[in-house]
Number of protein chains: 4
Amino acid sequence: MQLGLIGLGKMGGNMAERVRRAGHEVVGYDRAPGKRDVDSLEGLVGALSAPRVVWVMVPAGEPTRQTVRELGELLEPGDVVVDGGNSKFTDDKVHAEMLGEKGIGYVDAGVSGGVWGLENGYALMVGGSADDVAKVQPVFDALKPPAPTDESGEAIPGAGFVHAGPVGAGHYAKMVHNGIEYALMQAYGEGYELLAAVDLIEDVPGVVASWTQGTVIRSWLLDLLVRALQEDPALERIRGYAEDSGEGRWTVMEAIDNAVPMPTIAASLFARFSSRQEDSPTMKAVAALRNQFGGHAVQAIQAQEVERPA
Amino acid sequence: MQLGLIGLGKMGGNMAERVRRAGHEVVGYDRAPGKRDVDSLEGLVGALSAPRVVWVMVPAGEPTRQTVRELGELLEPGDVVVDGGNSKFTDDKVHAEMLGEKGIGYVDAGVSGGVWGLENGYALMVGGSADDVAKVQPVFDALKPPAPTDESGEAIPGAGFVHAGPVGAGHYAKMVHNGIEYALMQAYGEGYELLAAVDLIEDVPGVVASWTQGTVIRSWLLDLLVRALQEDPALERIRGYAEDSGEGRWTVMEAIDNAVPMPTIAASLFARFSSRQEDSPTMKAVAALRNQFGGHAVQAIQAQEVERPA
Amino acid sequence: MQLGLIGLGKMGGNMAERVRRAGHEVVGYDRAPGKRDVDSLEGLVGALSAPRVVWVMVPAGEPTRQTVRELGELLEPGDVVVDGGNSKFTDDKVHAEMLGEKGIGYVDAGVSGGVWGLENGYALMVGGSADDVAKVQPVFDALKPPAPTDESGEAIPGAGFVHAGPVGAGHYAKMVHNGIEYALMQAYGEGYELLAAVDLIEDVPGVVASWTQGTVIRSWLLDLLVRALQEDPALERIRGYAEDSGEGRWTVMEAIDNAVPMPTIAASLFARFSSRQEDSPTMKAVAALRNQFGGHAVQAIQAQEVERPA
Amino acid sequence: MQLGLIGLGKMGGNMAERVRRAGHEVVGYDRAPGKRDVDSLEGLVGALSAPRVVWVMVPAGEPTRQTVRELGELLEPGDVVVDGGNSKFTDDKVHAEMLGEKGIGYVDAGVSGGVWGLENGYALMVGGSADDVAKVQPVFDALKPPAPTDESGEAIPGAGFVHAGPVGAGHYAKMVHNGIEYALMQAYGEGYELLAAVDLIEDVPGVVASWTQGTVIRSWLLDLLVRALQEDPALERIRGYAEDSGEGRWTVMEAIDNAVPMPTIAASLFARFSSRQEDSPTMKAVAALRNQFGGHAVQAIQAQEVERPA
């Protein structure tokens, strides 16, 4: 099939390549000349036969909003727009309505895989109507990782792709994925820190590496930690500083909105916030209070206690 | 009555003074000459008539252990030793047994009040047998804050003194007090930090001060925070660095031993640990993992990476 | 001065009474007949001389929104509306703009004090322009607690009232107050639970009562806990179930939006969520995982399970 | 080589079988007749040629202590005892000293693998002197998972086995492994709960399954969660109740002893504690406080406020 792809950066460029390798035709557009096949959105739409599938892979927020708006002007009823970026799930409803008024379909796709995706495939979590998803399915099949097989060689379904629900469900599922990711990383980090803190453990990288087989906690992240410790056994060349993208924040906010207790994911988010502070205003206040304990007989703030029947 | 008091530092010295003001005789001993009334433990014991009450106010751990051991050699059956320091409650059993073999009583007293105690009195949480506590009661009465009165002028019992249980219960109650203290301080600190983070609040010290009357969160700690902000409105002259004494740690460990969920007190303890780190090994590991994501096609750690389409 | 007051429930009714006791004229309106002085908003506005001050004390959300909208139709330029309810600070901007278009002023007031407020006064945190706040100041002065005095009888300013910033700042300050409140309550709760969990402490209510004088953790909330334990020493007649109002949630969401680490307040919010769950889906998942460990040789989900010697 | 193995339960029995399959001779003893090869410790020791290696696989605590004590009476200098159970690392020092006095070596081995270990191998973290570990190495090699190979077929060292340090280091590394395990399980659980809480996600098991390939959070635990959801898609047949073994508790206590912030592992431990409570005393206290807010004009607890210069 044909795919229009907007945004040919690191992620979009690799995805175009993987879709092409699967035998599909990709018409790519990017604001920057160079790798693009057409030099305008009009050109992109013109190069595709209806019903068109146009995949948007640009930064979340205003860039995606603007691109969707322009596509709404250019596309025809029956076409489908896919947002594969890191949009918040609440944006998806807005986009779907903008396009729906013109009979254009909308699918949101949470995409995981990073630099490994070109070779290994991208995990995809998608939201939208069954009809719209069906129109994009050949592209999803090209992007997703090959189905693993069981001992008899039968494909095991479900890994690497899910149609999670209506519009927004794809980005929601990806958002929760990222929230979990924060807590997993934090958990390994805490364990690593304790190992490194005690003299008893003489081979910290060795302990971490030993965990990668036969244990309950083996995982891809653990493999990455082993690799990092091979390169820098005491992590001396790296600062304990971690950015956070929107997804972790949104996950905790959604938990709060839905009255879901989420202590470990919230704690890992807060640890990232702390890692970026030169000094902690909270701990300044705590330190100031400790100073006051040692205090001098200064004058009273309150005397209302006299009246209160407390 | 007579009281022997060992340890005439800031705390012990003030306590001696408060007991004297109540009309009791205090014989004080300290390793350092200067304020002491006698120049040895033997002298202290010799200066008291049986049954003696000797209050130990020296650093927890070995100094207290050693003092108790020596008192065991010098005192007689029927005498009572009070440990008013910051000993762990598990030490109390050891001390009580050491002395009990010789017929000497033992009482542990958790003491709160700091520099304000001389004028306002010291809150006292004590553990021991009823007989032993009774022998010390006049001293406790001298030290504790005056009983508050209700609207008709009747004394309200219970504030500022408790006989909490057998040996160890006093220090245990004081330990829990300190654990709570950590979380209260952290809570005010977090609220302060949020106020200070947003442009909307133009008068942060004013907001904190407004809370000291008529609100649910008014407290002595809040009064101290107001005072600190009066002196240094943006806490610019203080680092966000907080030590912790043993009690906070022991409180969380006791919670774990008793399967008591203790999220806020534990979080406030961890915040203090973090405040003292130049850099966080946990966050180094998190940052290293994030680096690996961006990664290059390095070699797989685990065999399955080879096969699996990650 | 004259005050129009809309909403004569428990809170509004008491506030009207306190303002009247201070010598002001209050015209009260409520949807329910009974205590109201006028039987419509039109009547209320008609009974006041310009420039009018109308205080809205109705449930946050749609009821407040609707009342503000109607007042916008009825009031004149120069009048001022005060929202003293529990509105979210983001609503304040909307309300201020709605009214501002017509030249009507707007002030938001966070109010603390509950049933004790009538006698003791209400703590007030307000947001708005200096001009608008000035028009309401006599009412604020009537509502707020009397200024405490220092030892020489001088009034100490700042306790019980603050003009925190522009529109929204009042409700924001009250929101943070409530977030802190959650963590304080949780902290005392955790300490109580540990005391109650160990045999060593024979007099739990006594320990809590002892903390109310001379300690670092004394507070109004602690006094209330003592009172609760006097009535029900083991809290046998009460379920461990706690609702949460919006403010605690908003506080944590604001912390996340501003990258402020807020572990204790978030933990206390999550504890409330948990307290309302019949069963925890998170812990179901944890239990299910533990079951799988014990597991039977079921078929692998992922291809790599086949090969890798897990 | 020969191995004496004490404790032929589920774990010990499978380990004996795996060692035998590797071509070694195993002499097994258990208190219960049935599978045992000898009917006393004397018999076991007599059946082995010096230098002997005796692996203890009995419950931690007194059973292990007693077994080590008896082996100390029976073995000869140059023999080695391995504790492969779940002992606390502090026990290892005691055991090593008990045996060391008689010239008998001691190695502690943390073992992971559960019911999957017989087929897939056991991950091993060991502590002890190089000499003692070397005597047991053929058994470790038989037990551990086969070394994974890279793309060219070369064995990748380090996965599944580590000599972590001196006596105690093996159990310490396994303890930290378990602490991390708690937080990983909790993180997945929290994500699952949020997915299940919102209507937007129509296929919760499908979302979880999709994560098993190509994502950052793929892991063996995630595979197990997929399996659990296949069997029981809404986890209706399982209670949210989770026991904890000693290792999670010890991990957090060690973190506290070493001033290591450990928020996610502690939070997951506390979540397990909560899962086992009929009702939460902490939340009873919180609820009681909320009741008091609504309160009646009851009598004051404190009036000391009058005197205090706070």
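## A proline in a loop

Pro51(A) sits in the loop between α2 (41-46) and β3 (53-56) of chain A; helices (H or I, at least four residues) and strands (E, at least two) are DSSP runs, numbered from the N terminus. The peptide bond leading from Ala50(A) to Pro51(A) is cis, and its omega is near -5°. Pro51(D) belongs to the loop between α2 (41-47) and β3 (53-56) of chain D.

## How to read this model

This is a predicted model, in which local features need pLDDT of at least 70 and side-chain atom pairs count only at pLDDT 80 or more, while totals for chains, interfaces and linings use all residues. Residues are numbered from 1 along each chain as its sequence is written, chains are lettered from A and ligands numbered from 1 in the order in which they are written, and side-chain values use heavy atoms, with hydrogens and water left out.

## Two domains in chain A

The domain assignment, which is automatic or from a database, divides chain A into domain 1 (2-167) and domain 2 (175-276). Their C-alpha centres lie 31 Å apart. Where the domains of chain A touch, six residues come from domain 1 and seven residues from domain 2; contact here means heavy atoms within 4.5 Å.

## Copies and their axes

Two copies of a chain are related by a rotation about an axis and a shift along it. Here, copies are superposed by least squares on the C-alpha atoms of residues with pLDDT of at least 70 in both. The same surface serves both copies, since 95% of the contact residues of chain C recur in chain D.

Now take chain A: a rotation of 180° with 0.0 Å of shift along its axis superposes chain A on chain D, with an RMSD of 0.1 Å. Within chain A, the C-alpha nearest that axis belongs to Ser219(A), 2.0 Å from it. These copies meet through the same surface, because 100% of the interface residues of chain A are also interface residues in chain D.

The axes of α10 (residues 246-257) of chain A and α10 (residues 246-257) of chain C come within 10 Å and cross at roughly 175°. Axes are lines fitted to C-alpha atoms, for helices over the stretch in contact, and angles run from 0 to 180 degrees between N-to-C directions. The crossing makes α10(A) roughly antiparallel to α10(C) (angles under 35 degrees count as roughly parallel, over 145 as roughly antiparallel, 65 to 115 as roughly perpendicular and the rest as oblique). Arg249(A), Val252(A), Met253(A), Ile256(A) and Asp257(A) meet Arg249(C), Val252(C), Met253(C), Ile256(C) and Asp257(C).

In chain B, the axes of α10 (residues 246-257) and α11 (residues 263-275) come within 10 Å and cross at roughly 140°. That makes α10(B) oblique to α11(B). Gly248(B), Arg249(B) and Val252(B) of α10(B) touch Ile265(B), Ala266(B), Leu269(B) and Phe273(B) of α11(B).

## Positive phi angles

Ala259(C) is not a glycine, yet has a positive phi of about 55°. Ala259(C) lies in the loop between α10 and α11 (263-275) of chain C.
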